[in-house]
Amino acid sequence: MSQAFTKSMARNIFYGGSMFFFLLLLVLTFDTVESLPQTDNRENLTAQVAKGKHVWENNNCIGCHTLLGEGAYFAPELGNVHKRLGKEGVIAFIKFRPKNGIPGRRSMPQFNLTDDELDAVAEFLKYTSEINTQNWPPNIQG
Amino acid sequence: MKYTSQMVAKPYFIAAIGLFVGQILFGIIMGLQYVIGDFLFPEIPFNVARMVHTNLLIVWLLFGFMGASYYLVPEEAETELHSPILAKLMFWIFLIAGAATILGYLLVPYATLAEITMNDLLPTMGREFLEQPTITKIGIVIVALAFLFNIGMTILKGRKTVINLVLLIGLVGLAVFFLFAFYNPDNIVLDKMFWWFVVHLWVEGVWELILGSLLAFVLIKTTGVDREVIEKWLYVIIAMALITGLIGTGHHFFWIGTPGYWQWWGSIFSAMEPIPFFMMTVFAFNMVNKRRREHPNQPAVLWALGTGVMAFLGAGVWGFLHTLSPVNYYTHGTQITAAHGHMAFYGAYVMIVLAIISYAMPMLNGRKAANSAKSQIVEMWSFWLMTISMVFITLFLTGAGILQVYLQRMSDNPLPFMVVQDKIELFYWLREGAGVVFLIGLIVYIASFFIGKDEAEPNEA
Ligand code: HEM
Ligand code: HEM
Ligand SMILES: [Fe+2]
C-alpha cells in the first residue's frame with residue numbers, strides 16, 4: 001500500500017466506518033421492528049401458537065428441517081407445510097412416525113407428543129405459513 | 001517463547017484438536033445418514049448428530065481463539081499474562097461444561113434435556129447452533145467474561161499494539177453479540193431476525209477482527225516484515241469487513257417476514273463482503289513475498305497463506321454466489337448453503353486456528369522455532385489432504401445444490417423434496433468419500449505431532 005496512505009488514516013476509516021454502519025444497522029433494525037406488524041402475522045399469534053413454538057424448539061425440529069429456509073437440509077421445508085398437508089395432515093404425519101424408523105429411509109423420530117402438543121405445533125406451523133415472506137418459497141414444494 | 005505464562009495456551013490447543021476429531025466423526029455419520037437414511041436410527045437421529053457436529057465446531061474454534069489469545073497477547077504486550085491460574089481454571093470449566101452438553105445431546109432425548117435443564121424458565125434452546133441448554137449458555141458467558149478480564153488486564157498493563165487492540169475488540173464483540181442468544185421471543189420473525197445478530201455478526205463481523213489479528217501476528221512473526229506495514233493492512237481489512245458486513249446482515253432478511261427493502265440493502269452490501277477476504281489473500285501473499293527472513297516453520301506459513309486463499313474462496317466466492325436476492329430466492333436453504341458454510345468455516349476459521357497452532361506448538365513443546373523436517377512434511381501433507389478434500393466436499397455439495405434447486409424450485413414440474421433427494425444421491429456418496437479423505441488428513445495432522453519428535457529442527461535459512 002502506498003506511503004501517502006498512513007496507518008492513522010486506515011485507523012480512522014476503521015473507527016469512523018464501523019461506527020457509521022453500526023448506527024445505520026441500528027436505525028434499519030429499529031425501522032424493521034416498527035414495521036413488522038404489517039408482515040409477521042402477529043394478529044394470529046395466539047397462546048397456542050406460542051406453545052407450539054416451544055414444542056418445535058424442545059424437540060429440535062430445526063435439526064433436520066428448514067423453517068422459512070433456515071435450519072438443516074435433511075428434511076423438507078416446513079414454513080409452508082400447512083399449505084401442503086393441512087392441519088390434520090401435519091398432525092397425522094407427526095403422530096404416526098414408526099418408533100424404529102423406516103428401513104433404509106431417512107426417518108423422523110417418534111416424539112410421543114400429547115394431543116395438545118400436536119395441536120399446538122400444527123397451529124404454530126399454520127401461523128408460520130401465513131407470514132408475508134415476499135413470496136418465498138418459489139412453489140409449494142418448498 | 002518469551003513469557004512462561006504463554007504455556008497456558010497448550011491445553012487449549014490440545015482440547016481444540018481433540019474436539020475437532022469429534023466434529024469430523026459426527027460429520028461422517030451424518031454424511032452416511034444422507035444416503036443410508038436409517039443409519040444409527042433411532043439411537044443417534046440426524047438432528048442429534050448435527051448438533052454435535054456444529055456445536056463441537058464452535059466450541060473447538062472458541063478453544064482455539066482463547067488459546068491463541070493466551071499465546072499472543074502476552075508476547076505482544078511484552079508482559080506475563082495477568083492470571084495464569086484463572087486461565088487454567090476456565091479451561092477446565094469450559095471443557096467440562098462442553099463435554100457435559102455433548103453427552104446430554106447423545107444420552108437423553110432433546111426434549112428431556114430441555115426439561116431437566118429447565119428450559120421453560122428462560123427458553124433459549126432448539127434454535128440452530130444455539131441448541132445448548134440455557135445453563136450452558138450462562139456458563140459460556142461466565143467463561144467469556146473471565147477470559148476477557150484476563151486478556152484485558154494483560155493488555156492494560158503492557159505494550160498496546162494494534163494486533164492486541166483489534167483482537168480485543170473482536171473478542172469483546174464475540175461476547176456481546178452472543179447475548180442475543182438469550183433473546184427468544186414467541187414471535188418467530190423477531191426470533192429469526194435477532195438470531196442472525198449472533199450468527200452473522202459473528203462470522204461476517206467480529207470474528208473477522210479475530211481472524212485478521214491472528215493472521216497479522218503469524219505473518220509478522222514468520223516474515224519479519226515491518227509492523228507498521230502489517231498494521232496498516234490490518235486496519236483496512238477490518239474496516240472493510242465491518243463496513244460491508246454490518247449492513248450485509250440484510251442478506252438473511254430477504255424471506256423471513258422482514259420488509260422487502262432488505263433485498264436492496266442486503267444484496268448491495270453483502271455483495272461487497274468478499275472485498276476484505278480478497279484483501280486478506282493479497283495481504284498474506286504480499287507479506288510472504290516481502291519477507292525479510294526464511295522462517296524455519298514452513299507449515300505455519302503454508303497455513304497462513306491457505307487461510308487467505310480458502311477464506312476468499314469459501315466466504316467470498318461461494319458467499320457471493322448466492323447472496324444477491326434474485327439468486328437467493330432459489331438457493332435459500334439448499335445444499336448450496338451447506339457447500340458455502342463448509343468452505344467458509346474451514347477456510348476462514350479452521351485454517352487460522354490451525355495456523356496459529358502450527359506456529360505456536362513447537363515453542364510450547366520447548367523447541368526454538370519449529371518442528372523437525374520430518375514432522376513438517378507430514379503436517380504439510382495433512383494441509384493438502386484436508387484442504388483439497390474440503391474443496392471437493394464443496395464442489396459435490398454445490399453439484400447437489402444446483403440439481404436440487406432446478407428439480408425442486410425451477411423446473412416446470414417441481415418435485416417434492418424427498419423425491420429430489422433420492423435423485424441426487426450420487427453427489428452425497430461422493431461428498432462422503434471426500435469426507436473420509438478429510439478424516440484421513442486430520443489423522444495425518446495429528447500424527448505430525450508425534451513423528452520426528454526427537455529430531456532436531458531445521459536451521460533458519
Ligand atoms: C469431513 C467431513 C464432513 C462431513 C461429511 C460433514 C457433513 C455435514 C452434514 C451432513 C451437515 C448437515 C447438513 C444439513 O443440515 O443437512 C453438516 C453441517 C455443517 N458442517 Fe459439516 N461435515 C464435514 C466437515 C465439516 C468441517 C471440516 C466443517 C467446518 C469447517 C463443517 C462445518 C459444518 C457447518 C458450519 C454445518 C452447518 C451448515 C449450515 O447450516 O449451512 N463440517 N456437515
Ligand atoms: C468466514 C465467513 C463466513 C462463514 C463462516 C459463513 C458461514 C455461513 C453459514 C454456516 C451459513 C448457513 C447458516 C444457516 O445455517 O442458516 C451461511 C449462510 C449464508 N452466507 Fe455465509 N459465511 C461467511 C461469509 C459469507 C459472505 C462473505 C457472504 C457473501 C458474500 C455470505 C453469504 C451467505 C448467504 C447469502 C447465506 C444464506 C444462505 C441461504 O439463504 O440459505 N457468507 N454462511
Ligand atoms: Fe451472513
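Predicted model: local features only at pLDDT ≥ 70, side-chain atom pairs only at ≥ 80, totals over all residues.
Trainee: Which residues come nearest to ligand 2?

Mentor: Of the 25 residues around ligand 2, the nearest are Gly319(B), Thr337(B), Gly341(B), Ala344(B) and Ala348(B). Helices α7, α11 (298–321) and α13 of chain B each give two or more residues to this shell. The biggest giver is α13(B), with 6 residues.

Trainee: Why is the site of ligand 2 said to be shared between chains?

Mentor: Look at the chain letters of the surrounding residues. Both chain A and chain B have residues around ligand 2, so its site is shared between them.

Trainee: What about ligand 1: which residues come nearest there?

Mentor: Ligand 1 has 22 residues around it, and Ala72(A), Gly27(B), Gly31(B), Gly341(B) and Gly435(B) come nearest. Chains A and B both surround ligand 1, so this site is shared between chains too. In chain B, α1 (9–35), α2 (46–77), α13 (335–364) and α16 (425–447) each give two or more residues to the shell.

Trainee: Which element gives the most to the shell around ligand 1?

Mentor: That is α13(B), with 7 residues. By class, the shell around ligand 1 has 13 nonpolar, 8 polar and 1 charged residues.

Trainee: How do I read a helix such as α13(B)?

Mentor: Start with a general idea. An α-helix has 3.6 residues a turn, so residues three or four places apart point the same way. At 1.5 Å a residue, the 30 residues of α13(B) should span 44 Å, and its end C-alpha atoms are 40 Å apart, which agrees.

Trainee: Where does α13(B) bend?

Mentor: The bend is at Tyr346(B), by about 35 degrees. Just after this helix, Gly366(B) takes a positive phi of about 85 degrees. As for cover, 28 of the 30 residues of α13(B) are buried, and the helix is mostly covered.

Trainee: Why is α11(B) described as largely enclosed?

Mentor: Count its buried residues. In α11(B), 19 of the 24 residues are buried, so the rest of the structure largely encloses this helix. From its first C-alpha to its last, α11(B) reaches 33 Å, close to the expected 34 Å. This helix bends by about 25 degrees at Leu313(B).

Trainee: Is Leu57(B) buried or exposed?

Mentor: For a single residue, count C-beta neighbours; the cut-off for buried is 20 or more within 10 Å. Leu57(B) has 22 C-beta neighbours inside 10 Å, so it counts as buried. You will find Leu57(B) in helix α2 of chain B. Setting aside neighbours within four places in sequence, Leu57(B) is in contact with Gln23(B) and Phe345(B).

Trainee: How many residues does each domain of chain B bring to the contact between them?

Mentor: First find the domains: chain B is divided into domain 1 (1–160) and domain 2 (221–461). Their C-alpha centres lie 20 Å apart. The contact takes 21 residues from domain 1 of chain B and 20 residues from domain 2 of chain B. On the domain 1 side, α1(B) gives the most, with 14 residues. That side divides into 17 nonpolar, 3 polar and 1 charged residues.

Trainee: How far apart do the domain centres of chain A lie?

Mentor: In chain A, the divisions are domain 1 (1–38) and domain 2 (41–142). The C-alpha centres of these two domains of chain A lie 38 Å apart.

Trainee: And how many residues does the contact take from chain B and from chain A?

Mentor: It takes 62 residues from chain B and 62 residues from chain A. On the chain B side, α8(B) gives the most, with 12 residues. By class, the side of chain B that touches chain A has 37 nonpolar, 14 polar and 11 charged residues.

How values were computed
Residues numbered from 1 in each chain as written. Chains lettered and ligands numbered in written order. Near = placed C-beta within 6 Å. Helix = DSSP H or I, 4+ residues; strand = E, 2+ residues; numbered from the N terminus. Nonpolar A, V, L, I, M, F, W, Y, C, P; charged D, E, K, R; others polar. Domains from an automatic or database assignment. Contact = placed C-beta atoms within 7 Å. Buried ≥ 20, exposed ≤ 12 C-beta atoms within 10 Å, placed from the backbone. Expected span 1.5 Å × (residues − 1). Bend = angle between axes of the 7 residues up to and from the residue.
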